[in-house]
Structure formats: structure tokens, C-alpha cells
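Subject: Two-chain model, handover and notes

Dear colleague,

Here is the model we spoke about, with its sequence. Please have it open while you read the notes that follow.

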Amino acid sequence: MQTYAYFPGCSLETSAKEYDSSTRAVFDKLGIGLEEVPDWSCCGSSQAHKVDRDMAAAIAGRNLVLASEIGDIVAPCASCFMSLKEAAVELEHDSEIRDMLKENGLEYFPGSVRVISTVEAAHNALEKGEFEGKVTKPLKNLKVASYYGCLLVRPPKIAQFDDAENPMSMDRLMEAAGATPVKWSHKTECCGNAYIMVDKDMTLNLVRNILNAAVSAGADVVAAACPLCHMNLVMRQPYMMQKYGLKSEIPIVYFSQLLGTALNADEQDLDIDGEVMRLINKRRQEANEVKEVG
Amino acid sequence: MSSVGVFICHCGTNIAGKVDVAKVSDDAINIPGVVYSSHQKYSCSEAGQKVIIDAIKENRIDKVVIGSCSPKMHENTFRKTIEQAGLNPYMLEIANLREHVSWVTADKDSATRKAFDLVKAAVGKVSFAKPLTPGQVTVEKRALVIGGGIAGIQAALDIANMGYEVVMVEKEPSIGGRMAQLDKTFPTLDCSACILSPRMVDVAQHPNIRLLTYSEVENVNGYVGNFNVTIRKKAKFVDESICTGCLECVTKCPLKKKIPNEFENGKAPRGAIYVPFAQAVPKVPVIDKEHCQWLLSPDPDTIEVAEGEKKPKRKCGVCAKKCELGAIDFDMQDELINEKFGAIVIATGFNLFDHKKYGEYGAGEIPDVITGLDFERMVNSSGPTEGKIVRPSNGEKPKKVAFIQCVGSRDEAKGIPYCSRICCMYTAKQAILVREKLPDAEVYVFYMDIRAGGKGYEEFVLRAQREYGANYVRGRVSRIYEQDGHLVLKAADTILGMPLEMEADMVILATGSIAREDSVALANTIGITTDAYGFISEVHPKLKPVEVPREGVFACGAALSPRDIPDTVATAGAVAAKVGVLFSNDILMSDPMVANVDPMVCVACGACVEVCPYSAITMEEFRGKKFAKVNEAMCQGCGTCSAACRPGAAQLRGQTDEQILKSIEAVLQW
């Protein structure tokens with residue numbers, strides 16, 4: 001069985017527990033092992049690289065060394081993914097940081113660990129045909145806007161995954177889950193999460209544009225692959241309904257929750273919102289009715 | 001023992017500024033074999049050459065070393081000089097003291113030492129030079145022109161008007177190329193078809209030109225003056241000698257609205273039997289065998305059916321029924337034609353960058369985001385919309401049109417790093433056309449900078465801005481998306497230093513020029529090289545801009561690099577002149593510095609036959625002994641065989657193993 005080193009990151013233990021449990025459930029269904037990196041520490045995201053790039057590489061590098069015992073490292077959080085991947089690139093070229101790690105008993109061998117996101121890992125499984133026969137509860141008729149955000153595919157030189165401007169991997173995963181991916185304009189627009197404390201109005205404006213674009217494209221739900229995007233898109237909605245008047249509210253779910261539903265994973269692990277579940281079932285029912293009529 | 005004369009040139013201060021020429025000259029007299037040594041200001045001048053001639057005569061010099069600039073510059077000059085003094089022109093060796101020494105060495109002492117080393121090597125090498133005499137080849141005074149766009153048309157007409165025979169090969173059903181697809185041309189705004197069509201007709205009617213459309217070059221052998229070319233004439237399934245071009249068949253083809261017409265950039269349909277456009281030359285339709293229902297349906301003769309059952313018939317065949325002359329011939333086969341030519345002209349043109357790579361501009365999936373070529377067809381009165389500028393999504397007139405320049409060009413990340421040279425100008429032209437046809441529409445042009453180098457070009461761009469009111473915005477567009485029935489553009493105005501968001505009804509992308517997808521394959525067939533982007537490489541970008549590194553082969557137009565119509569026509573004319581120069585010779589002198597194989601040393605291993613890039617070596621047999629033989633007319637003197645030959649039988653004349661070893665020895669010993 002293929003086994004990845006799994007790096008949950010801090011969000012998945014706090015604000016995004018359902019992303020963690022649903023991710024584990026999906027990979028379990030796909031027959032791919034996720035072994036948590038032992039004694040993993042903060043990836044350094046959002047702050048470390050702004051203070052000192054070497055420090056950022058070393059903080060993330062520690063996790064890479066620990067993961068190398070297991071195999072390639074998978075990170076569900078887009079921000080963790082980018083911190084780890086940037087560190088891997090940095091460590092490859094900078095022997096000083098490697099020496100610094102080595103002095104602390106952490107020897108890193110360049111190229112020993114490949115960093116990928118859970119989207120990429122799931123997409124690889126899809127390409128290998130590992131979804132075949134496993135999609136027992138397809139998400140018929142469900143229109144999904146796949147939201148990639150900023151860090152999953154960018155900067156392209158580091159992410160080295162999918163098209164940076166028009167990524168399609170998550171759309172293909174949703175298609176494999178039986179859902180209908182919608183074409184929409186804001187799949188890689190910034191959600192503004194990092195600026196919520198600095199310039200709230202700017203962030204709200206960005207979120208509003210994203211949500212309105214998804215609604216205009218006719219999406220039922222937005223699938224996210226980043227706990228920060230997810231939080232931002234979910235938490236600001238009620239406030240914005242009040243202040244700006246959105247076109248309509250739209251549920252935000254993790255892509256793993258949708259995949260897990262299609263793969264018939266345990267409901268408790270998926271922890272999908274009751275209202276969303278009702279919507280999924282409603283769409284399934286509509287699809288069946290159309291079929292019967294047809 | 002030979003008597004070598006050494007002449008060191010100052011080249012003004014080019015060499016003398018870094019090399020102590022007097023010292024090199026004084027020391028050279030001590031090199032064994034040297035009987036005379038001097039230095040002078042400009043050896044290539046008439047006075048300088050006279051000094052050399054006189055010295056040769058007075059001192060009974062039989063071999064000459066000249067320390068000067070690169071042999072690429074003046075080897076031929078000095079060969080003629082020593083020939084005037086009565087020597088064989090190949091008893092000469094040039095020591096490159098300029099490009100290899102003075103221009104690239106900082107320190108004067110080491111430059112002088114290196115100069116002396118090179119002179120020693122040249123003396124060692126020339127001591128073993130043998131007199132050589134050039135061979136002679138005849139010239140077949142017929143030219144092959146590959147490509148029937150404006151470049152090929154101009155070259156073919158010019159060559160034909162000199163009185164030489166020309167065969168033009170065009171792979172599409174009609175000549176005309178890219179220029180035929182354009183509506184108006186910059187900076188004069190005259191109609192492209194109006195100025196091109198007469199020349200297309202001239203080609204078809206010229207007594208010296210034979211036109212082979214729907215044909216491709218398959219193989220090229222031979223050498224300058226004597227190329228053997230195989231041309232595949234693809235089956236048109238229409239007999240050109242019978243067809244009158246009434247096009248009754250075309251109008252009746254049931255698929256006439258089904259297949260995207262390449263000429264219309266896929267924006268209008270054609271049938272399986274079609275002429276690409278109304279002014280096509282020749283005006284004879286072809287049947288596209290990939291789509292024709294008759295040709296795709298199985299041949300009844302090959303089908304076996306049980307007794308009593310009817311054999312299935314071929315599908316369709318409407319065109320054959322409609323043609324009163326019986327010009328449709330479904331049994332027609334591809335034809336291979338072998339022809340002999342003295343010169344080959346490559347005029348294969350260019351392609352346009354595919355903007356599918358730009359996810360931020362919708363990856364080619366937003367209907368109202370079109371390319372410049374799409375727009376050319378749209379605005380053309382014989383195009384898909386009969387000249388009306390409309391939004392492809394709903395057929396309505398756009399109120400706001402945005403142009404984006406440099407799509408693909410000057411983009412190292414996604415496209416090509418070079419500037420395509422024509423986009424600034426065609427965008428300005430298209431902006432003018434929009435304002436002319438839709439005076440109420442607003443026009444915005446997003447640019448990086450304006451490159452309008454050309455006669456009347458800058459003025460033309462200013463006219464687009466001032467007279468026609470096109471709004472030029474300096475900045476890249478970072479994203480285009482559809483919203484509520486129009487397009488949203490996100491950009492930066494880098495003059496205001498502000499981000500910008502704008503709505504538009506239609507966006508036209510100035511996609512860059514790239515090499516033809518089959519240009520590398522064609523170059524391989526002809527035995528020439530391309531640059532990193534697939535454009536044909538010229539010998540020298542300034543001094544030999546239309547020659548390619550295979551003698552007798554020339555290239556013009558956008559096959560060499562992106563260029564506009566004036567430059568294309570100019571290079572086509574230049575090619576014609578070069579072909580004319582070649583054809584003014586009845587006999588060509590072949591370079592004697594080619595390889596030959598000593599049959600007494602050859603062990604017939606065949607290594608040279610395999611490595612020869614010009615297929616100039618074959619295995620021969622004489623009285624039971626096998627050996628390799630070089631066709632001296634085909635040999636280009638690259639020396640690969642000589643390097644591959646283990647017993648040392650293959651030698652390059654003028655660069656023999658002996659000469660090279662002696663020159664190394666000379667540097668090390670004396």
C-alpha cells in the first residue's frame with residue numbers, strides 16, 4: 001500500500017477538524033495510507049518567512065527531515081503545503097541551512113521528500129485509476145465551484161502543479177465524484193484572509209466578489225482546499241449579507257468532504273453540514289427524477 | 001623543405017594595440033622553415049597586398065602565413081593575393097591574431113606570446129600544405145520555391161522574370177498564405193487581397209512557373225546546382241485539367257456547414273470538397289479525405305456478403321453526380337514527383353501563438369476573447385460575418401473593445417521571449433478599423449511599450465491614438481472573466497501606478513508569431529538548421545541574411561523570423577537576386593577543401609558512411625577490394641569522417657591529420 005507522510009498542521013487540529021477527519025477518510029477509502037509525521041511542529045506559515053527566510057526554511061525543514069523516514073509528505077492546508085515546498089526548494093540550494101539542521105541532529109538529503117497537497121495526491125490517485133469502482137454514492141447534479149485560492153498552485157515555479165491561472169485538478173476530482181464542476185471566474189482569486197486584521201473592508205470586498213462569482217456561475221456549493229480560505233468564506237458571509245447584500249448565501253465545504261460523500265465514507269468522519277447534505281440529496285433526487293421521466 | 005613567408009598585420013590598432021607586432025615578426029624569422037618575416041599596417045589594402053606579392057617573388061617564398069583578422073574575413077582575399085604572385089592559392093594559412101588574440105586578451109605580454117604561438121602553429125601547418133585545385137560542377141538552372149505566401153510568390157516571380165524556370169510547392173489547396181487572410185495592411189490601410197490577388201494570378205499564369213498546390217517536399221538530395229527533390233502531390237480527387245472552377249460541387253456538399261475552415265481560422269465552415277476562399281489560386285476544389293463520406297465509407301469491392309444479400313454502397317458521392325464534366329476522381333492517388341533543381345528557396349512563413357496557454361485570459365474558452373487573426377477574418381467582407389464587427393457570443397455590436405498586446409510574445413514564462421515585431425502595428429490597424437466601422441465604440445489598447453520601427457509606423461500609431469481616439473493604456477491585463485453578459489478585465493495602469501478594473505464587450509489578443517510546427521522537420525529534410533524556436537537559421541544575420549548553411553539553399557520572409565510584409569517582400573527579392581547570381585554561372589567551382597579516402601588505407605569499416613551528415617560517402621568495390629568513396633561535389637568539408645576514421649584513411653584536404661599534428665608540434669617545440 002502506498003503511504004504518504006501526513007502533515008495536518010495547526011488548523012486541522014482546531015478550526016478545521018472536519019478537513020482533517022474527512023481527508024483521512026477519503027484516503028482510507030482510496031487505499032492510500034496517511035502516516036502522521038511524528039512530533040511534527042509548526043510549518044512557519046504566514047509569519048516566519050516575513051521575519052527571516054533562513055529561519056522559515058529551517059522550521060519547515062525540521063518537518064521534512066521527520067517525514068523523510070516515511071515518504072513523500074502530504075499537506076492538506078494550502079499554506080502548510082507552500083511553506084514546506086518552499087523550504088524543500090530552499091534546502092536544495094542552500095547548504096548552510098542544511099548544515100544548521102544537521103548540527104541539531106536533523107540531516108536533510110535534498111530530493112528525499114516530495115511535498116504535495118492533498119488535492120495533488122488525490123488527483124494522482126484519480127489518474128492512476130484508483131477511483132474506479134469506489135464512487136458508490138455519486139454527487140449527481142451537484143454543481144460545484146472548485147476554489148483553489150492563492151497558494152495551492154502558485155507561485156507556479158514552486159508549486160509545480162496544475163495551471164497556475166486556470167487549474168482544473170479539483171474540477172476533475174469533482175467530476176470523478178459524480179458532481180458537475182462549474183466554469184467560473186474566481187477560482188484562483190485571493191480570499192484576503194491575511195488582511196482581515198489590517199484592512200477589513202478590503203478582505204470583505206474580495207470575499208464578496210468570490211462568493212458572487214460562484215453564485216452567478218450557478219454553483220450549489222464552493223469546494224475549498226485550504227482551512228484559511230474556508231474559514232474566511234464561511235465566517236464573513238452572515239456579516240456581508242447584512243452589510244452588502246450578497247446575491248445569495250452559498251455553502252462552503254472542503255473538497256475532501258464532497259469526495260468522501262461520493263466514496264461513501266463514514267458520515268461522522270466527513271462531518272458535513274446537515275443543510276449541505278440535504279442539498280446533495282435533493283440534487284441526487286432531481287437527477288433520478290429526470291432519469292425516470294426521460 | 002618549404003620556404004615560408006610570415007606577414008603580420010597591425011590592422012590599424014586593432015591588433016597592434018594589444019600585440020607587439022614588431023616582436024612577433026622579429027621572432028618569427030627564427031622559426032625553422034621561415035625565410036622572410038615582416039609587419040605592416042593594413043595587409044588587406046591594395047598597398048599591403050603589393051608588399052606580399054613583391055616579397056613572395058623576391059624571396060622565393062612558396063608558402064605564406066598571414067597573422068591578421070579571422071580567415072572568415074580575408075582568407076579569400078589573401079588566396080587571390082598569393083595566386084597573383086604565382087602560388088597555389090591553398091598554400092596559405094591565416095593566424096587569427098585579432099578575434100582570437102587582441103580583441104579577447106587584456107594583457108599585452110600574454111597577447112604577444114599567444115600571437116607568436118599561433119604564428120608558429122600556422123607555420124607548422126602550412127609547411128605540409130599541398131596544392132589543391134577546385135573541381136567543377138554544372139548548374140541546373142531551375143529553382144524550387146517552397147511555400148506560396150507573399151514571400152514565395154515574390155521570390156518565384158522575380159526568379160521567373162529573370163528567365164529561369166520555377167516550381168512552386170504549396171501544401172494548402174491555394175497559394176496566398178497569411179497575407180490572403182488579412183483584411184487591410186498597415187500603415188497604408190490598403191486592402192490586402194487587392195494587392196495580393198494580382199500577384200497570385202501572375203504566378204498561376206507565368207510561363208516559367210509551375211504551380212504544385214496541395215503538395216509537400218518529401219526528400220532532398222544532392223548539392224548546390226544539382227538538388228534532387230521528391231515532391232508529394234497529395235491526391236485532390238479533382239482532375240485539375242478538367243475542372244473549370246464552377247464550384248457546383250462545393251455548394252452541394254452535404255458537409256458544407258460542418259468542417260471548420262482553416263483559412264477562416266476555424267471561425268467559418270467548409271465542406272469536405274472545398275476551395276479555401278473565393279479568390280483561391282488555382283480555383284480548383286480539393287476533397288479532404290479525412291472528412292469525405294465517400295472516401296471514408298468502405299469500398300464495396302472489398303466487402304464480402306452472404307449470397308442473396310445486397311452489397312452496401314458507398315455513401316454520398318453528391319459532388320461526382322453534380323459535376324457535369326466528370327472531374328471528380330475518387331480513385332486518385334498521391335503522386336511522387338522527382339525533379340532536379342539548382343537552388344531551393346524556403347518561404348514557409350509562420351504560425352500564431354495559441355492563447356490556450358493563458359488561463360488568465362480564459363484559456364481560449366471565452367467566446368468574446370478572440371485573436372488578431374480571428375479579427376482579420378471577421379472584419380473582412382468575405383469573412384464569416386461579412387465584415388461586421390460583432391461579439392461572437394451573441395452577434396451584437398460591441399460598445400467597448402479592448403486589445404491586449406504581447407500575448408505569447410515577450411513572455412518567457414508562458415510563451416516566447418522575443419518580440420514578434422508585427423503586433424504593435426496590426427493592433428493599431430485593428431483599433432482604427434473598429435473606430436471606423438463602429439464610431440460609437442470605445443477602444444482600449446493595453447501595451448507594454450510600442451515598437452513601431454518602420455517607415456510611417458510611428459505616425460500610424462499616433463493616428464490611431466489622435467485621429468481615431470484609441471485609448472492606449474500602458475500595462476498588462478492580469479485576468480479576463482465573464483460577468484453578467486460582459487467581460488471584466490483586471491489590469492494595471494503602470495503610468496498612473498494604479499490597478500484597474502474595466503468592463504468590455506470584446507477582447508482581441510495580439511498573439512505572437514511562432515515558427516511553423518513542421519519547420520524543424522522541413523529543415524531536417526533539407527539538411528539545414530533552425531534556431532531554438534524553430535525558425536530557419538541564416539548564415540549571418542547581417543551580411544548573409546537570406547543564405548542558409550547549405551549552399552544553394554535560401555530562405556526569406558517569416559520562415560527566418562517574425563517580420564512584416566515589407567521586410568518579407570524585401571528578403572524575397574534578395575533571395576531572387578542570390579538565385580540569379582548562382583544561375584549566372586554555367587559551371588561552379590567546388591571547394592577543394594573536402595574529404596577524400598585513401599583506398600589503400602581504408603579497411604571498409606563503413607564508419608564514415610554512417611557519420612557523414614550529407615550522405616556524401618558510399619562504399620565502392622574495385623577488383624574485390626571494398627573501400628569508401630567521397631562524392632566531392634556533395635562533401636561540405638565538415639571533417640566528421642576524418643574524425644571517425646580509425647586507420648586515418650579519410651582525410652580532409654587542407655586539414656589533414658599531418659597538418660594538425662604539425663601545428664600542435666610547432667607550438668610545443670620551437
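I start with one residue pair in chain B: B:F446 has B:V473 in β23(B) as its bridge partner. Strand β22 (residues 442–447) of chain B and β23(B) run parallel and are joined by four bridges. Strands here are DSSP runs of E of at least two residues, helices are runs of H or I of at least four, and both are numbered from the N terminus. Two strands count as paired when DSSP finds at least two bridges between them.

Before going further, the conventions. The model is predicted, so local features need pLDDT of at least 70 and side-chain atom pairs count only at pLDDT 80 or more, while totals for chains, interfaces and linings use all residues. Residues are numbered from 1 along each chain as its sequence is written, and chains are lettered from A and ligands numbered from 1 in the order in which they are written.

The sheet in chain B

β22(B) and β23(B) belong to an open sheet of five strands with parallel pairing, in the order β20-β27-β21-β22-β23 (chain B). Its edges are β20 (369–371) and β23 (471–474) of chain B; each has a single partner strand, so one side of each is left without a neighbour in the sheet. From one strand to the next the twist averages 25°, where angles run from 0 to 180 degrees between the N-to-C directions of axes fitted as lines to C-alpha atoms, for helices over the stretch in contact.

Chain B as a whole

Chain B contains 19 helices and 34 strands. Its C-alpha trace spans about 90 × 80 × 45 Å along the principal axes. Among contacts between residues at least 6 apart in sequence, 68% join residues at least 24 apart; a contact is a pair whose C-beta atoms, placed from the backbone, lie within 7 Å.

The chain is divided into domain 1 (4–132), domain 2 (142–234 + 342–349 + 516–583), domain 3 (248–331), domain 4 (353–514) and domain 5 (594–652). Domain bounds come from an automatic or database assignment. The C-alpha centres of domain 1 and domain 4 of chain B are 59 Å apart.

Helix α1 (residues 21–28) and helix α5 (residues 108–126) of chain B pack at about 35°, their axes 10 Å apart. On the α1(B) side the contact uses B:K23, B:V24, B:D27 and B:A28, which meet B:T112, B:A115, B:F116 and B:V119 of α5(B). These residues divide into five nonpolar, one polar and two charged (Ala, Val, Leu, Ile, Met, Phe, Trp, Tyr, Cys and Pro count as nonpolar, Asp, Glu, Lys and Arg as charged, and the others, Gly among them, as polar).

B:A595 counts as buried because it has 26 C-beta neighbours inside 10 Å. Leaving out residues up to four places away in sequence, the residues it touches include B:V630, B:C635 and B:L652. B:V630 is also the bridge partner, in β33(B), of B:I617. Strands β32 (residues 617–622) and β33 (residues 625–630) of chain B pair antiparallel over six bridges. They form a hairpin with two residues between them, and B:R623 in the turn has a positive phi of about 50°.

Chain A

Chain A is assigned domain 1 (3–119) and domain 2 (134–293). Their C-alpha centres are separated by 25 Å, and 26 residues of domain 1 are in contact with 27 residues of domain 2. On the domain 1 side, the elements giving two or more residues are α1 (17–30), α4 (78–93) and α6 of chain A. The largest share, 10 residues, comes from α1(A).

Which residues of α8(A) are buried? They are A:S169, A:M170, A:D171, A:L173, A:M174 and A:A176. That is six of the eight residues of the helix (residues 169–176), so α8(A) is largely enclosed by the rest of the structure. Its buried residues pack against α6 (118–127), β5 (143–147), β6 (180–181), β7 (221–224) and α12 (255–262) of chain A. Just after α8(A), A:G178 has a positive phi of about 90°.

Between the chains

The contact takes five residues from chain A and eight residues from chain B. The chain B side divides into three nonpolar, two polar and three charged.

Regards

Definitions and conventions:
Two residues are in contact if their C-beta atoms, placed from the backbone, lie within 7 Å. A residue is buried if 20 or more other C-beta atoms lie within 10 Å of its own, exposed if 12 or fewer, and partly exposed in between; C-beta atoms are placed from the backbone.
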